[in-house]
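Please look through the structure below.

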Amino acid sequence: MTKLHTAPRSHEEIADLFAAETREPSDAFAAAFTETIDGFRIAREEQVTSLPMPDAWEAQTATELLLSTMFDVLRGTRLEGLSGRIAWGIVHSFHKVADMLDREADQAAVKVKSLIRDADGSEVAMGDLEEATQLCQSLDEARDAVACMRDHAAQSYHAETGRPWSSPRGSMVSAKSTASVVAARDFLAARRQRRLDAHNPQGPIILFSGGQVWEDHALLTRTLDGIRRRVPHMVLVTTAQNKGCDAIAASWAARAGVPLVAFALEGLKRKYGERAAFMRNQQMLGLRPVEAIVCQGSGIQSNLARMVKERGVPAHFFRIEDQGRDAA
């Protein structure tokens with residue numbers, strides 16, 4: 001990530017910053033802004049294009065400057081207090097677009113599966129299948145690029161404000177196979193494995209839960225940093241609340257590149273009703289965590305803290321009054 005200045009910059013200084021850059025993008029941008037298919041389109045009604053992806057370095061720099069320039073323009077003015085809110089919205093816009101592309105890619109993948117199932121070897125069917133596969137691959141490519149920009153924008157937001165950014169929401173064929181069907185099936189298998197890797201990360205489980213009212217980012221960040229130094233391949237499991245402790249932990253995980261498993265309540269509520277949150281605690285402990293962080297919140301955190309102690313899981317317990325103190 002390009003180093004951000006905290007002092008005001010003029011437009012001339014910004015130009016100098018551009019000139020001083022090595023034009024070497026980060027590994028994340030280099031990977032996300034690489035063409036993965038020959039033809040590209042992200043809507044069925046669009047014409048297929050062979051245009052290249054944006055330059056990775058330019059995309060990385062432009063993403064950063066979207067936020068840093070806004071802070072520079074408003075700094076020292078009566079609107080300076082709004083700069084953090086505006087910057088949060090910029091990051092969120094990337095997040096929303098990446099989320100929409102992800103859902104569209106999932107829908108396109110369902111279409112590909114349907115076409116594979118019904119493939120009869122005809123030229124029309126194979127053409128439809130190839131078009132559907134191309135759309136799905138294009139959406140995946142676009143989503144990766146936008147998500148990369150979102151993550152970099154979130155880093156810039158944190159560098160400018162000192163606060164981590166967090167989202168407001170808290171994841172075959174018959175014997176008539178032809179070359180087109182096989183290629184589509186291979187693609188779906190690769191996409192499915194990628195999803196499995198993303199949604200079933202392997203590594204030592206670190207349990208995290210806390211209340212929705214929490215201000216001390218530094219205390220939790222220091223604790224998580226310390227655990228990661230000892231457990232470098234950790235997987236963070238949270239109770240998926242969209243503010244407070246869990247939101248801080250989710251932001252830390254995104255920034256640190258640590259896999260995050262968010263145990264949301266929606267599905268459990270339909271089955272267990274009012275007991276859903278406590279059943280979630282049992283499920284999380286069933287993952288056999290090697291360490292836990294539990295911050296004071298509601299009876300849900302008290303229940304989890306008690307079970308963590310009973311099972312002998314090494315743990316860090318923080319009360320609301322611990323905020324502002326050293327985490328040592």
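**The sheet and what packs on it**

Ile-293 has His-316, a residue of strand 5, as its bridge partner. The model is a predicted one, in which local features need pLDDT of at least 70 and side-chain atom pairs count only at pLDDT 80 or more, while totals for chains, interfaces and linings use all residues. Residues are numbered from 1 along each chain as its sequence is written, and side-chain values use heavy atoms, with hydrogens and water left out.

Strand 4 (residues 291-295) pairs with strand 5 in the parallel sense, over four bridges. Two strands are said to pair if DSSP finds at least two bridges between them. Strands and helices here are DSSP runs numbered from the N terminus: E with at least two residues for strands, H or I with at least four residues for helices. In general, strands of a sheet pair through backbone hydrogen bonds, either parallel or antiparallel.

The open sheet has five strands in the order 3-2-1-4-5, with parallel pairing. Its edges are strand 3 (260-262) and strand 5 (315-318), each of which pairs on one side only. On average, neighbouring strands of this sheet are turned by 15 degrees against each other, direction ignored.

Which helices pack on this sheet? Helix 8 (residues 245-256) lies across strand 1 (205-209), strand 2 (235-238), strand 3 and strand 4, and runs at about 160 degrees to strand 2. Helix 11 (residues 299-310) touches strand 1, strand 4 and strand 5, and its direction makes about 150 degrees with that of strand 4. Such angles run from 0 to 180 degrees between N-to-C directions, with axes fitted to C-alpha atoms, for helices over the stretch in contact.

Ile-227 is part of helix 7 (residues 217-230). Is Ile-227 buried or exposed? Ile-227 counts as buried because its relative accessibility is 0%; the cut-offs are under 20% relative accessible area for buried, over 50% for exposed and in between for partly exposed (1.4 Å probe, protein chains only). Beyond its neighbours within four places in sequence, Ile-227 is in contact (heavy atoms within 4.5 Å) with Ile-206, Met-234, Glu-291, Ile-293 and His-316. Glu-291 is 64 residues from Ile-227 along the chain, and their C-alpha atoms are separated by 8.3 Å.

**Charged pairs and the surface**

Side chains of opposite charge can pair when their charged atoms come close. A salt bridge is a side-chain nitrogen of Lys or Arg within 4 Å of a carboxyl oxygen of Asp or Glu, and by this rule there are eleven salt bridges. One of them joins Arg-103 and Asp-99, at 2.5 Å from N to O. These two are four residues apart in helix 4, so about one helical turn separates them. Another links Arg-150 with Asp-151, whose closest N and O atoms are 3.1 Å apart. Here Arg-150 is buried, at 15% relative accessible area, whereas Asp-151 is partly exposed, at 35%. Asp-72, Arg-75 and Glu-160 are linked in a network of salt bridges.

Leu-79 lies in the loop between helix 3 (56-74) and helix 4 (83-117), and its relative accessibility of 41% makes it partly exposed. Together with Leu-82 and Ile-86, Leu-79 makes a nonpolar surface patch of about 220 Å². Patches take residues with over 30% relative accessible area and no salt bridge, joining like charges within 9 Å and nonpolar side chains (Val, Leu, Ile, Met, Phe, Trp, Tyr) within 5 Å.

Methods. Accessible areas come from the Shrake-Rupley method with a 1.4 Å probe; for residues, only the protein chains shown count as cover.
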